[in-house]
Amino acid sequence: MKHSALQIFRQAWSSHRKWPRTWSSPEPKPAYDVVIVGGGGHGLATAFYLASEHGIRNVAVLEKGWIGGGNTGRNTTIVRSNYLLDGNEPFYEWSLKLWEGLEQSLNYNVMMSQRGVINLFHSDSQRDGFIRRGNAMLMHGADAKLMDRDELEKVLPYLDFDNARFPVLGGLCQPRGGTARHDAVAWGFARAADQLGVDIIQNCEVTGMRIKDGAIDGLDTTRGFIGAGKVGLAVAGNSSRLASMAGLRLPLESHVLQAFVSESIKPLVDTVVTFGAGHFYVSQSDKGGLVFGGDLDGYNSYAQRGNLPTAEHIMESGMAMMPCLGRVRVVRHWGGVMDMTMDGSPIIGLTPVTGLYLNGGWCYGGFKATPGSGWVFAYTLARGEPHRLNAAYRLDRFSAGRIIDEKGVGPQPNLH
Amino acid sequence: MAALTAARSGARVIVADEQSEFGGGLLGTGIEVGGMVARKWVQKMVEALAKWPEVMMLSRSTVTGYHDHNFLVINERRTHHLSNPASLMSRERMWRVRAKQVVLATGAIERPLVFTDNDRPGVMLASAVSVYMKRYAAVPGRSLVVFTNNDSAYRVVHDAIDAGVVVKGVVDLRDDGVSAAADAARCAGVPVYLGHAVTAVKSNFRGVKRINIGRLSADGRSVVAHKGAIECDVLAMSGGWNPTVHLHAQSGGRPVFDETNACFFPGVSVQAERSTGACAGEFDLSLCLVRAVEAASEALRQVGIDPVTVDTPGTAQHSEAPLRALWSIPGDPVMPRGKKFVDYQNDTTEADIRLAAREGYRSIEHVKRYTALGFGTDQGKLGNVNGMAILADALGQSPGAIGTTTYRPNYTPVTFGAIAGRAVGEVLFDPIRRTPMHEWHVEKGAAFEDVGQWKRPWYYPLPGEDREKAVSRECLATRQSVGILDASTLGKIEITGRDAAELLDRIYTNAWKSLSVGRCRYGLMLGEDGMVMDDGVTSRLSEHRYLMTTTTGGAAHVLNWLERWLQTEWPELEVFLTSVTDRWSVTSIAGPKSRELLESLSEGIDLSPETLPFMSFCEGHVAGIAARVFRISFSGEVAYEINVSADQGLSLWRTVMEAGKPFGITPYGTDAMHVLRAEKGYVIVGQDTDGSVTPIDLGMDWIVSKKKDFIGKRSLSRADTARANRKQLVGLKTENSTVVLPEGAQLVNGFSSSRPVPMVGHVTSSYFSATLGYSIALALIKGGRARLGGTVYAPLLDGQLIKATITEPVFYDSDNVRQRD
Ligand SMILES: Cc1cc2nc3c(=O)[nH]c(=O)nc-3n(C[C@H](O)[C@H](O)[C@H](O)COP(=O)(O)OP(=O)(O)OC[C@H]3O[C@@H](n4cnc5c(N)ncnc54)[C@H](O)[C@@H]3O)c2cc1C
């Protein structure tokens with residue numbers, strides 16, 4: 001069934017009793033051409049593009065819990081393509097282009113809101129860095145705008161311009177950046193993939209991999225063995241766990257990242273703003289809550305919860321940027337497990353095991369990548385080789401030194 | 001009782017309660033405890049506890065978070081209730097408690113009933129009605145109807161009668177097993193409608209006016225007969241009680257569904273924690289008190305304290321008939337109108353949850369996210385369990401199978417201000433570091449730049465000068481006579497111990513064992529990936545004592561880096577590290593006249609180039625102050641860095657300024673320093689490098705030892721790191737020599753209006769050089785070394801294209817004659 005205004009009218013007429021299920025939940029078949037492990041945004045998007053772009057429809061997505069329950073449903077929903085390096089920017093810009101037409105291609109409202117992303121800078125050297133990045137974005141065909149203090153005062157009047165420890169000198173804005181509704185992204189991809197014949201199987205945890213003569217044969221799951229011609233891993237924070245089932249050790253560490261939401265307040269923040277002199281980024285949801293976060297907790301963990309010191313630092317940074325937040329109350333905070341790579345960039349491509357493909361290492365920036373990642377991963381799975389856009393994200397780049405280190409902090413995952 | 005038990009047994013105790021006074025649920029009841037009214041008994045307990053010096057009583061204090069390792073966060077509200085708080089009193093306080101044992105006695109929260117029109121003003125929780133009347137002596141209305149599925153709500157009948165409120169009736173969902181409570185109500189003259197439900201609520205702008213009631217079918221799924229209407233202005237409802245298992249769940253426990261009480265009980269404890277009382281599902285007061293003593297005793301034993309025996313006071317025993325869990329109450333059979341609200345904050349209705357289930361949102365987490373159930377500031381304290389049970393019903397499962405959503409901090413919302421505490425504002429968010437000479441710079445009107453936490457003089461504008469003019473003047477003065485720079489902020493690490501040289505050898509790319517005492521050497525350090533991480537000059541003070549300098553911004557990171565290697569990888573090395581950045585002030589003088597100037601001030605120091613050549617140091621007195629004088633140069637001129645103890649820094653600086661007058665001594669800031677070093681092609685780590693640059697890329701092969709091992713060495717030979725066409729450091733001269741390229745400009749090979757355009761490099765540093773009379777820039781360009789003399793273009797934001805020629809990165813005195821002089 002297609003969503004449309006007429007449809008809403010029709011359904012209302014029958015007291016909303018006839019809405020179909022957004023996605024069906026079939027019993028797993030004995031085998032599939034392609035099995036995607038991980039029902040987050042990336043896994044579901046991959047399945048959707050496999051079916052829609054490559055005509056591969058005998059596909060299952062296996063999710064150990066409920067779809068979207070991993071980082072997809074935990075993130076601060078910022079979507080942007082303001083990257084510097086050659087390996088990154090074309091990929092993220094393609095992803096942003098897909099976002100821009102996503103609601104039409106999925107026929108589902110993902111609440112994509114291009115409200116602009118502004119990164120503040122507070123020193124000359126930060127300004128230089130942003131000019132470099134902004135120029136690179138423009139050269140790549142993305143949009144970027146350097147804003148000086150006067151312009152910022154007009155759009156972000158609540159910033160502490162004069163009194164801050166690190167005065168605001170300006171910002172780099174990507175007007176096409178913004179936010180999207182994270183859950184809806186998972187649901188929209190699931191619905192669209194389901195309509196094309198993909199099986200979405202929840203409560204199905206992969207517990208082992210069967211490999212024959214160096215090639216993947218199938219997966220052991222909590223719902224039995226499922227044969228697979230090809231397997232694509234899209235399990236974010238659990239990448240190293242899954243890879244170890246295939247005997248692989250990945251160049252990444254799992255870390256906790258927290259996010260926070262405040263009580264609903266009147267409209268205050270109508271863009272996404274990030275602080276440059278501490279770790280803090282914030283946007284406001286349609287419900288009125290400020291959605292914000294900061295840095296990793298810093299230690300390796302698979303636990304989906306964080307601790308107080310990082311929360312404190314985030315509140316401090318928030319108040320340094322916006323002193324008006326002092327009396328705003330924080331309702332809830334939670335954590336997600338981040339697959340942090342050695343250079344802060346993702347890994348999408350082949351593995352040493354034939355037929356086993358990896359999509360991971362998203363660090364804390366993988367939500368924006370969701371459509372792009374699914375698109376290139378589907379291509380890679382379908383063709384058995386990477387697309388031009390993910391060619392730089394190969395797994396063996398670390399040993400060759402082909403690192404894509406946006407922050408330039410070196411091979412220390414918790415600093416990216 | 002638990003606190004008293006612990007206190008009497010000799011434990012240190014914190015009692016935290018979110019309310020303004022202690023007593024919890026007892027405050028709103030008329031129950032007797034120990035032969036007195038509950039409120040009196042509470043008062044006596046509080047007094048008894050307050051006598052113990054090791055007991056801390058925190059009221060208005062909510063435990064908002066229960067973290068790993070029994071770490072609890074308590075949010076105390078200190079001034080909210082004061083009409084006129086002292087001006088310096090903090091509004092809130094965050095207590096961070098690492099508890100050995102925790103007893104949770106967080107009670108239970110009453111549950112609404114889900115029936116038609118249950119959101120009308122005047123529909124209240126039964127316990128809330130009681131609290132108004134019993135605790136605050138306020139009546140919420142004049143005529144009351146009670147709607148319940150359990151015995152506890154019958155208390156409000158008697159409370160209301162005591163308060164002079166007319167009780168029009170009790171509508172009880174339960175049919176059989178007429179309980180003692182119902183009898184008592186009837187005795188008081190209140191009609192009780194068993195097996196009935198409220199089917200509609202009529203209200204006007206003042207609130208509830210009338211309710212309709214009807215007789216339920218045996219399975220409770222429909223209303224079989226309309227019974228009539230009752231006029232009232234308050235409807236007190238009770239759907240049973242939810243134990244407050246939040247903190248237990250935050251600590252890692254998983255609540256389990258109890259079918260009899262139709263609510264979640266705490267599960268198995270994961271941390272040193274136990275629940276007692278209503279939050280553990282014990283709803284009988286006298287038993288609560290007994291269990292509390294037991295819980296405390298058990299906790300005490302765990303930490304090796306023998307619990308004393310504490311007697312619990314008697315209370316009236318009463319047995320309650322079981323409740324009837326009817327999660328969604330049918331409405332009027334003829335005219336089913338109105339909505340049944342589940343989440344009062346987000347207007348989530350019963351129908352919304354059923355619709356979600358129909359649409360395939362079946363995990364409770366999906367339902368929550370699809371309907372906003374539990375997304376309000378109460379985080380579902382009122383509505384969640386009802387919502388879960390309705391979903392269970394829609395899916396034909398039991399609420400236990402559905403499970404709860406995750407309980408997370410904060411238990412109740414906490415302000416940013418409380419969490420940030422005092423680390424706010426200009427001064428306390430992040431410490432400001434100032435050099436000993438700061439005062440002088442301020443006097444002279446310096447413009448400051450933030451470098452990490454430091455405030456550094458950026459340039460010193462004279463009246464009428466802008467930044468460009470000031471910087472040009474400062475540069476020229478230094479090249480022509482003598483300039484003075486406050487270099488105190490550079491990181492300084494003293495490295496001592498038998499293996500100090502060995503450590504340097506492993507950390508830096510060049511060799512250190514050959515450095516003799518009294519000499520200095522420039523070093524580069526790389527990350528494990530072979531990329532330049534920091535640089536600086538290190539001097540050998542004595543046999544086993546070195547002074548390392550780092551970049552201003554990199555000081556803390558470098559110290560951590562060295563410690564990390566020493567502690568985790570090379571514990572066999574005997575090396576000790578001390579940060580001495582703040583211990584020394586550094587006055588740097590540079591320029592052709594610097595030697596003459598320093599000679600006029602120093603005692604016991606031979607400054608002749610033979611005794612104190614470039615890259616060496618000596619000790620002596622300058623202006624009568626004990627000093628170390630390093631002959632190091634970052635400007636390309638003869639230069640001396642005079643280190644004196646920090647407290648003497650300002651005095652030395654003033655003396656040097658005074659003595660320098662005849663030479664026209666000119667203070668210069670970081671901006672001029674940047675220009676001077678760029679003229680010489682010296683890189684600044686972090687400006688000309690970005691974590692992707694090797695020493696080879698910088699043309700600094702000469703500093704990379706081929707013989708010994710060092711951190712990052714192996715990475716340098718990786719395929720991509722050893723590739724020929726990497727981005728390399730070069731100089732740029734613009735075609736129009738007055739045009740200064742913007743730092744951060746991207747470089748392309750030619751004009752193109754299509755996108756993307758391949759970028760060949762970018763500008764890292766760019767200035768107008770007053771000394772040379774033209775603009776200069778440093779850039780990283782792909783295969784740049786092979787393109788010397790070639791042309792690149794910098795497209796600007798406004799569409800302009802600047803043409804530039806690729807040159808050697810050294811623009812001035814390429815033979816280094818001046819600094820060695
Ligand atoms: C607090 C926080 C804030 C963030 N903020 C942003 C942001 O603002 N912008 C941005 O772009 N990105 C952000 N991110 C990152 C982003 O959320 C992730 O990179 C992205 O959602 C990853 O999507 P995914 O589909 O790869 O992984 P997930 O959504 O985590 O999906 C992986 C799925 O795999 C499942 N799984 C794991 N193991 C198994 C198994 N053995 N068998 C079957 N299934 C399994 C998991 O249950 C999970 O559902 C943030 C992340 C967090 C935690």
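**Notebook: two chains and a ligand**

I began with the chain contacts and found that 59 residues of chain A are in contact with 57 residues of chain B, two residues being in contact if their C-beta atoms, placed from the backbone, lie within 7 Å. This is a predicted model, in which local features need pLDDT of at least 70 and side-chain atom pairs count only at pLDDT 80 or more, while totals for chains, interfaces and linings use all residues. Residues are numbered from 1 along each chain as its sequence is written, and chains are lettered from A and ligands numbered from 1 in the order in which they are written.

The most comes from α5(A), with nine residues. I then sorted this side by class and got 24 nonpolar, 20 polar and 15 charged residues, where Ala, Val, Leu, Ile, Met, Phe, Trp, Tyr, Cys and Pro count as nonpolar, Asp, Glu, Lys and Arg as charged, and the others, Gly among them, as polar.

I next followed β16(A) across to chain B, where it pairs in the antiparallel sense with strand β24 (residues 414-415) over two bridges; strands pair if DSSP finds at least two bridges between them. A:Val330 has B:Val414 as its bridge partner in β24(B).

Turning to the ligand, I found 40 residues around it, of which A:Gly38, A:Gly40, A:Gly70, A:Gly336 and A:Gly366 come nearest; a residue is near if its C-beta atom, placed from the backbone, lies within 6 Å of the molecule. The elements of chain A that give two or more residues to this shell are α2 (41-54), β12 (252-264) and β16 (329-341). By class the shell divides into 14 nonpolar, 21 polar and five charged residues.

Last, I looked at strand β27 (residues 483-486) of chain B, from which B:Gly483 and B:Leu485 point one way and B:Ile484 and B:Asp486 the other, all of them buried (20 or more other C-beta atoms within 10 Å of a residue's own, C-beta atoms being placed from the backbone). β27(B) runs antiparallel to strand β33 (residues 584-590) of chain B, joined by four bridges, and B:Leu485 stands opposite B:Ser588 there. With strand β38 (residues 666-667) of chain B, β27(B) runs parallel over two bridges, and B:Ile484 has B:Pro667 as its bridge partner.

Definitions and conventions: Buried ≥ 20, exposed ≤ 12 C-beta atoms within 10 Å, placed from the backbone.
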